[in-house]
Amino acid sequence: MTEPRTTARGGMENSFGFRSVPAGEKQPLVDEVFHKVAKRYDLMNDLMSGGLHRLWKDALVSWLNPPRRAGWTCLDVAGGTGDIAFRIVEASGNAAHVTVLDINGSMLAVGRERAAKRGLSEHVSFVEANAEELPFPDESFDAYTIAFGIRNVPRIDRALSEAYRVLKPGGRFLCLEFSEVDMPMLDRAYEAWSFNAIPAIGKAVTGDEDSYRYLVESIRKFPNQNDFARMIEAAGFERATFRNHSGGIAALHSGWKL
């Protein structure tokens, strides 16, 4: 596709996939997408990553390395179904407490149901709120994670600033997101798969082609690895770095509040 990526200077706030929308209109449109896909969120990620998202999420938690001590807390943003939160709690030996925040009530309902089934309700709490305006005091959490959610936030710079605000000194920021493929043969194959196959599969499996088309387009518009690292640094984080996974199909970004 020839549609250019946004950069560290911004642009995602007015981008609903490849459509340009007025300020303030993106969030309701994104909300509607996730109301539609909430019940099939894991399927959505399987379709978009060929199942690799499970390995990438494991890599996030491994890099986070949550300690096995009581009192350690993590805020997982845009993680309504609990996928990351459950992994963090289990990696900590059920010592950590994770607060899952999502703007979408349908996603949170799925997460609460799953937490109860896994016996993790006392270790995970669910909050419906906006990543751009976190309802927590300064320096509340030891870690902040967000997986495949930052590109759906209209004002990414505001969300990053809020992440910095609510982290304790020494706190860790980790973001897993689809990114720019850095292998010449793979990039063409991945783009062809994304734009031709994923919407068609989404329509066949769920009856919803438009939501999957938006999700593919939003990946293509998101800043590349270096630009997003610069945005993380601009929010105040230090030691900003990233690790590519699967040739850059996904990238895991890290930053510290020092």
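This is a predicted model: local features need pLDDT of at least 70, side-chain atom pairs count only at pLDDT 80 or more; totals for chains, interfaces and linings use all residues.

User: In what sense do E8 and E9 pair, and over how many bridges?

Analyst: Antiparallel, over 6 bridges.

User: What's the strand order in the sheet they belong to?

Analyst: E5-E4-E3-E6-E7-E9-E8, an open sheet of 7 strands with mixed pairing. Strand E5 (124-128) and strand E8 (238-245) are the edge strands, each pairing on one side only. From one strand to the next the twist averages 15 degrees.

User: Which strands does H3 lie across?

Analyst: Helix H3 (residues 53-64) lies across strand E6 (141-147), strand E7 (167-178), E8 and strand E9 (250-256). H3 runs at about 165 degrees to E7.

User: OK, voids. How many cavities of 30 Å³ or more?

Analyst: The count comes to 3. The largest cavity has a volume of about 220 Å³. Its lining has 20 residues, and the closest to the centre are Ala-78, Asp-102, Ile-103, Gly-149 and Asn-152.

User: Which elements give two or more residues to that lining?

Analyst: Helix H1 (26-37) and E4. H1 provides the largest share of the lining of the largest cavity, 4 residues.

User: How does the lining of the largest cavity divide into nonpolar, polar and charged?

Analyst: It has 13 nonpolar, 5 polar and 2 charged residues.

User: Which residues does the UniProt "binding site" annotation cover?

Analyst: According to the UniProt record, an unreviewed entry, the annotation covers Thr-81, Asp-102, Asn-130 and Ala-131. Of these residues, Asp-102, Asn-130 and Ala-131 are included in the lining of the largest cavity. I'd treat the annotation with some care, as such entries may be inferred rather than shown by experiment.

User: Where does Asn-130 lie?

Analyst: In the loop between E5 and E6.

User: And Thr-81, which cavity does it line?

Analyst: Thr-81 is one of the residues lining the second largest cavity. Others in that lining include Tyr-41, Lys-57, Asp-76, Val-77, Ala-78 and Ala-147. Ala-78 also belongs to the group closest to the centre of the largest cavity.

User: How much space lies in the second largest cavity?

Analyst: About 70 Å³. Strand E3 (73-77) and helix H4 (83-91) are the elements that give two or more residues to the lining of the second largest cavity. By class, that lining has 5 nonpolar, 3 polar and 3 charged residues.

User: Switching to open pockets. How much space lies in the largest pocket?

Analyst: About 240 Å³. The largest pocket is lined by 13 residues, and Arg-5, Asp-187, Tyr-190, Glu-191 and Arg-220 lie nearest its centre.

User: Which helices supply at least two residues of its lining?

Analyst: Helix H7 (184-206) and helix H8 (209-221). H7 gives the most to the lining of the largest pocket, with 6 residues.

User: How many charged residues does the lining of the largest pocket have?

Analyst: There are 6 charged residues, along with 5 nonpolar and 2 polar.

User: What about the second largest pocket, which residues lie nearest its centre?

Analyst: Ala-8, Gly-10, Ile-156, Asp-157 and Met-231, out of 14 lining residues. Helix H6 (156-166) and helix H9 (225-234) are the elements that give two or more residues to the lining of the second largest pocket. H6 gives the most, with 3 residues.

User: And the volume of that pocket, plus its lining by class?

Analyst: About 180 Å³ of space lies in the second largest pocket. The lining there has 7 nonpolar, 3 polar and 4 charged residues.

Technical notes
Residues are numbered from 1 along each chain as its sequence is written. Side-chain values use heavy atoms; hydrogens and water are left out. Two strands pair if DSSP finds at least two bridges between them. Axes are lines fitted to C-alpha atoms, for helices over the stretch in contact, and angles run from 0 to 180 degrees between N-to-C directions. Contact means heavy atoms within 4.5 Å. On a 1 Å grid over the protein atoms alone, a cavity is a set of points where a 1.4 Å probe fits but cannot get out, and a pocket is an open set with protein on both sides within 12 Å along at least five of seven lines; lining residues have an atom within 4 Å of a point. Grid points are joined across faces, edges and corners, and a volume is the space filled by probe spheres set on the points. Ala, Val, Leu, Ile, Met, Phe, Trp, Tyr, Cys and Pro count as nonpolar, Asp, Glu, Lys and Arg as charged, and the others, Gly among them, as polar.
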